[in-house]
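My notes follow in the order I looked things up.

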Amino acid sequence: METIINNMITRRSIRKYKSDMIPKETLDTILKAGTYAATGMGKQSPIIIAVTNKELRDKLSAMNAKIMGTDSDPFYGAPVVLIVLANKERPTYTYDGSLVMGNLMNAAHACGIGSCWIHRAKEEFESEEGKELLKSLGIEGDYEGIGHCVLGYIDGEEPEAAPRKDSYVFYVE
Ligand SMILES: Cc1cc2nc3c(=O)[nH]c(=O)nc-3n(C[C@H](O)[C@H](O)[C@H](O)COP(=O)(O)O)c2cc1C
């Protein structure tokens, strides 16, 4: 148990990656952890698109950068992008997708892989380009982009966590 708690406490958002691809086995382990996140009524509203294809990875990066209004790579050079979307038909879809994101990031850290939540998936998949992409993958349904979990080997040192604020927890005893 101590290992799991320590893993959750020591995970950090990584913003510099090596270009090396992560092994398929490791990727599958991380994805499996994502699919076991709790979901409202167990309805499993999210889906995960696991992108290791460089062409698509670069296209997503460009789409995300455009939304952000920058020219730089919002994925920080990470070779893998896991896009989490969730079906809006479920009232808990945002929470469901966010928990998947949390599982993916914690699982990546447990596997020695760096990760970071990259936002703007909602805008990305509301665009015509995003909708076309889902269609081309045969994904049908009312999906909203929740986030991108980028993955890769860390280039450099892991950052320190910011101190936790004083008023985080209120005890009622
Ligand atoms: C909803 C959400 C959106 C985020 N979007 C981005 C993002 O677009 N780019 C980025 O570099 N980090 C993003 N992050 C990562 C946060 O900046 C990061 O979690 C925060 O600075 C705390 O650092 P830590 O994850 O190392 O504890 C996001 C995190 C969350 C939860």
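This is a predicted model: local features need pLDDT of at least 70, side-chain atom pairs count only at pLDDT 80 or more; totals for chains, interfaces and linings use all residues.

**Entry 1: Y76**

I began with Y76. I found Y76 at 32% relative accessibility, so I logged Y76 as partly exposed. Y76 is in the loop between α3 and β2, the strand of residues 80–87. I checked the backbone next. The phi of Y76 is positive, about 55°, and Y76 is not a glycine. I wrote a reminder beside that value: most residues other than glycine have a negative phi. Then I turned to the side chain. An N or O atom in the side chain of Y76 is 2.5 Å from an oxygen atom of the ligand.

**Entry 2: the ligand shell**

Which residues are around the ligand? I listed R11, R12, S13, R15, Y76, C116, W117, I118, H119 and R120. I then sorted the shell by class. The count came to four nonpolar, two polar and four charged residues.

R11 has a side-chain N or O atom 3.0 Å from an oxygen atom of the ligand. For R12, a polar side-chain atom lies 2.8 Å from a ligand oxygen. How much of the ligand's accessible area does the protein cover? On its own the ligand has 620 Å² of accessible area, and the protein covers 61% of that.

**Entry 3: R57**

Is R57 buried or exposed? I read 6% relative accessibility for R57, which is under 20%, so R57 counts as buried. R57 belongs to helix α3, residues 54–68. I wanted to know what the side chain of R57 contacts. One partner is D73: the two side chains are joined by a polar contact of 2.7 Å. The side chain of R57 also reaches the backbone oxygen of A78, at 2.8 Å.

I went to the loop between α2 (24–35) and β1 (46–51), where M41 is found. M41 has a relative accessible area of 72%; that is over 50%, so I logged M41 as exposed. The phi of M41 is positive at about 55°, and M41 is not a glycine.

G40 is in the loop between α2 and β1. At 18% relative accessibility, G40 falls under 20% and therefore counts as buried. I then took a distance from G40 to D96. They are 56 residues apart along the chain, and their C-alpha atoms are separated by 6.6 Å.

**Entry 4: rings**

How many aromatic pairs does a search of the whole structure find? I got zero. I did find a charge over a ring. The charged end of K165 sits over the ring of Y168, 4.9 Å from the ring centre.

**Entry 5: V150**

I looked up V150 in strand β4, residues 143–152. The relative accessible area of V150 is 0%, so V150 is buried. I took a distance to R120, one of the residues around the ligand. V150 and R120 are 30 residues apart along the chain, with 13 Å between their C-alpha atoms.

N6 is in helix α1, residues 2–10. From N6 I looked across to N103. The two are 97 residues apart in sequence and 14 Å apart in space, C-alpha to C-alpha.

T94 is in helix α4, residues 93–110. Its relative accessibility is 36%, so I logged T94 as partly exposed.

Notes. Residues are numbered from 1 along each chain as its sequence is written. Side-chain values use heavy atoms; hydrogens and water are left out. A residue is near a molecule or strand if one of its heavy atoms lies within 4 Å of it. A polar contact is a pair of N or O atoms within 3.5 Å; within protein, one must be able to donate a hydrogen and the other to accept it, and residues adjacent in sequence count only if both atoms are side-chain atoms. Accessible areas come from the Shrake-Rupley method with a 1.4 Å probe; for residues, only the protein chains shown count as cover. Ala, Val, Leu, Ile, Met, Phe, Trp, Tyr, Cys and Pro count as nonpolar, Asp, Glu, Lys and Arg as charged, and the others, Gly among them, as polar. Rings of Phe, Tyr and Trp (its six-membered ring) pair if their centres lie within 6.5 Å; planes under 30 degrees apart count as stacked, over 60 as edge-to-face and the rest as tilted. A charge sits over a ring if NZ of Lys or CZ of Arg is within 6 Å of the ring centre and within 35 degrees of the ring normal. Helices (H or I, at least four residues) and strands (E, at least two) are DSSP runs, numbered from the N terminus. Buried means under 20% relative accessible area, exposed over 50%, partly exposed in between (1.4 Å probe, protein chains only).
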